[in-house]
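Please read the following note with the sequence and the model side by side.

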Amino acid sequence: MTGAEGRWLRFFVLLLVTGGLVLPILTGLWETGRAAFGILPAIGAETWSLAPWQRLFTLPGIGSSLKLSLWTGLASTLLALLLATGFCAAIHGWSGQRHVSRILGPLLAAPHAALAIGIAFLIAPSGWIARMISPWATGWNLPPNIATVNDQMGLALVLGLLVKEVPFLLLVMLGALGQIPVNAQLAAGRALGYGRGVVWIKVILPQVYPLIRLPVFVVLSFALSVVDMAIILGPSNPPVLSVAVTRWYFAADTSLILPASAAALAQAFVVAFGILLWICAEQVAARAGRWWIRRGGRGYSAGPGLILASGATLILMGLGASALIDLAIWSVTWRWSFPSALPEGWSSGIWARPGSGWGSAFIQTTVIGLTTTAIAVLLAIAWLEGEDRAGMQRARWAEVLIYLPLLVPQIAFLYGLNVVFLRAGLTGGLGAVIWAQALFVFPYVMIALSDPWRALDRRLVCASAALGAGPMRRLVAVKLPILLRPLLTAAAIGFAVSVAQYLPTLFMGAGRVATLTTEAVTLSSGSDRRVTGVYAVLQAVLPLGTYVAALFLPAFVHRNRRGLSGGAA
Amino acid sequence: MNTLALSDVEIRRHGASGPLFAPLSLIVPAGTITTVMGPSGIGKSTLIDFIGGHLGSGFVATGKIMLNGLDVTHVRAENRRIGILFQDELLFPHLSVGDNLAFGLAARHHGRAARRRAVDAALEQAGLAGFHDRDPATLSGGQRARVALMRALLAEPRALLLDEPFAKLDAELRTEIRSFVFSHIRARGVPVLLVSHDASDADAAAGPVVAM
């Protein structure tokens, strides 16, 4: 197992990753940047100028959009981190802890757009919550005139982001906790007289945080630049910056493309600024934390905070689950007038007519999802196997390379990438969409697969080599079957990420590729909740089904193999 | 003629100044079990890894490994034909007991029926007839040890390395498994190198003893 063996493999993988992943992002950013400074030959703009920026700052609402983006992004990320931390601290030692990640599955699998639509159905003035407490508690016989969705403050958007991000951070945090001797350290701290919750925050959190820092940045970057969820839940006039950029790009007035590119570049700066701000806050928090730890307070009083945090987390999960149920109910509703708590009439009419549009969107989504996932999983296996054969640890730059597509806001390079694809004649087809989605699916597959892959007992591989098995046989006959469960879990995550993609499909599909997500987002502004419900349910069920398959397939294949039936997923 | 020879083998951790142990040269003739003794942590397992071709990238080794007169120092692990019994049995958890043996069985046995016969014969020798379809995770410690030995032998190794394979067994089982392993490998007439920190292993091996 010497270095030379894997050299070609590593070279090939590096070529694919730089050519297929990094280069598109960089050229996309470059083209966006050129357009932002007046160069876009396709519409006859060929001179460098600051005019796009001047135009941008005269566009109505630009200042509010910027502020809204920063506020919703930073607030939701900070709150999500606080809630996830409090919940982790509160549930530690509880016997059900290891099941938490399974319970989180549906919320993690459901795409942002589906959850956002469900939450809108839930909290709208005419939503399920209002229906359930009306008229007996509120006296409402008509939906009240309160802006609970698309509110000017962006509170509904923050709520939606929390429902999605708290479970994600919880999962990441629970994974990181596995790498720390939590119990021993908790015992040591408690023996010194510190309360349960306080010792978690003073001792465990400072060790966990560095391990989850990159995922936190991913959440922050996402929250600062989200589009689909912001269209559905966020303020509409003015919207957050990313939505404004998308609108300008797709506006009938093509002269808006140049200022839109300037705004897309500004969006990248917003994310960079947000991350910088976060890093400064980390420094302050670390200093304050040290001061707090040195004071030596045993802090029994931290208890209520943890209870509050875990209560809020449970409410969020309940909201998410109710949102999904609400979607399902709407999809089979015939008549549901306010303020009835449940529909008065049921119908499976829309479900019976796939030809009305959801059938083809379902097939498109599945085909794109399966292809993208297959590409991403194969590339991830090739990458990890290359690392194995070289016998090397992953370099820091490689780790950043993997995270790059998740840290750079999509809107900042997708238009530019589209320009490149147009020039190459690649745009508007399924292939372009698959390529663009793979940029975001690959990192998640890589992140999901890396830890279980490294956790595989190396000596099993040595044992098979000692029996005469060459590199290929070791991979196919030993590693992959043993890693079947994490492989399928990673594939399910990749598939869910693909189903959830909105902007890549929108930009690269040039309006010709309609997936469940693009259709659901378009329909969400319409009035027929029943049709929207069908799309959103399908959108949520498709990834969920894959998760369930990823859970049961290995259990079935390895049903007579006790050594593999437990194990980390 | 059949010998495993080490000359001036030295292994150091990457970046460390000194080697793990003093330069080691020894000749292991066929049919004998040579024991290398040394305290825990001196690098016995690392030595085994080096001879077998499994040395991790964190180590740098010098010296030569000769097998039957050929220099195999830079031959790939899977082409050295040096079998290893590790401290753990390392049966593949996804394969049945029989398929674990079939994984080891040399490729020169052709045909499904012939391969199955060879596997069944090995199971019989190990006192495990009828265990072909069993899940390795359901075997007892002694049964797993015997399967691991049979798997190593079916690969028809030209030399065998034993990395304290009895260290984790309790006293009674230890004696039984040790005599089972030793009698089977003596019958093969290949050079065998055993590393151990336990003098009773060296006594039972009844061969030359080298101190590290």
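1. Basis of the note. The model is a predicted one, in which local features need pLDDT of at least 70 and side-chain atom pairs count only at pLDDT 80 or more, while totals for chains, interfaces and linings use all residues. Residues are numbered from 1 along each chain as its sequence is written, chains are lettered from A and ligands numbered from 1 in the order in which they are written, and side-chain values use heavy atoms, with hydrogens and water left out.

2. Extent of the interface. Chain B places 27 residues in contact with 28 residues of chain A; contact means heavy atoms within 4.5 Å. The size of an interface is often given as the accessible area lost when the parts come together. Here the buried area is about 2,300 Å², and carbon and sulfur atoms give 61% of that area. Buried area is the accessible area (1.4 Å probe) that two parts lose on being put together, summed over both. On the side of chain B, Glu78(B), His94(B) and Phe103(B) lose the most area to chain A, together 30% of what that side buries.

3. Polar links and composition. Between chain B and chain A there are seven residue pairs in polar contact, both residues being at pLDDT 80 or more. A polar contact is a pair of N or O atoms within 3.5 Å; within protein, one must be able to donate a hydrogen and the other to accept it, and residues adjacent in sequence count only if both atoms are side-chain atoms. Helix H2 (77-80), strand S6 (82-85), helix H3 (97-104) and helix H5 (141-154) of chain B each supply at least two residues of the side that touches chain A. Helices (H or I, at least four residues) and strands (E, at least two) are DSSP runs, numbered from the N terminus. S6(B) gives the most to this side, with three residues. The residues of the side of chain B that touches chain A divide into 13 nonpolar, eight polar and six charged. In this division Ala, Val, Leu, Ile, Met, Phe, Trp, Tyr, Cys and Pro count as nonpolar, Asp, Glu, Lys and Arg as charged, and the others, Gly among them, as polar.

4. Glu78(B). Which residue of chain A meets the side chain of Glu78(B) in a salt bridge? The partner is Arg474(A), at 3.0 Å from N to O. A salt bridge is a side-chain nitrogen of Lys or Arg within 4 Å of a carboxyl oxygen of Asp or Glu, and the count between the two chains is two. Glu78(B) is found in helix H2 of chain B and counts as buried at 7% relative accessibility. Buried means under 20% relative accessible area, exposed over 50%, partly exposed in between (1.4 Å probe, protein chains only). Leaving aside neighbours within four places in sequence, Glu78(B) is in contact with residues including Ala465(A), Gly468(A) and Pro471(A).

5. Helix H1 of chain B. Helix H1 (residues 44-52) is mostly covered, with seven of its nine residues buried. Among them are Leu47(B), Ile48(B), Phe50(B) and Ile51(B). Just after H1(B), Gly53(B) takes a positive phi of about 90°.

6. Aromatic rings. Rings of Phe, Tyr and Trp (its six-membered ring) pair if their centres lie within 6.5 Å; planes under 30 degrees apart count as stacked, over 60 as edge-to-face and the rest as tilted. The count comes to 15 aromatic pairs over all chains. The rings of Phe166(B) and Phe182(B) form an edge-to-face pair because their planes stand at 80°, with centres 5.7 Å apart. Phe166(B) lies in the loop between strand S7 (159-163) and helix H6 (171-188) and Phe182(B) in helix H6, so the pair ties together parts that are 16 residues apart in sequence. Phe166(B) is buried at 1% relative accessible area, and Phe182(B) is buried at 3%. In chain A, Phe121(A), Trp128(A), Trp330(A) and Trp336(A) form one aromatic cluster.

7. Backbone details. The peptide bond from Asn237(A) to Pro238(A) is cis, with omega near 0°, and a cis peptide bond also joins Phe338(A) and Pro339(A). Arg81(B) has a positive phi of about 60° although it is not a glycine; Arg81(B) is found in the loop between H2 and S6 of chain B and is partly exposed at 31% relative accessibility.
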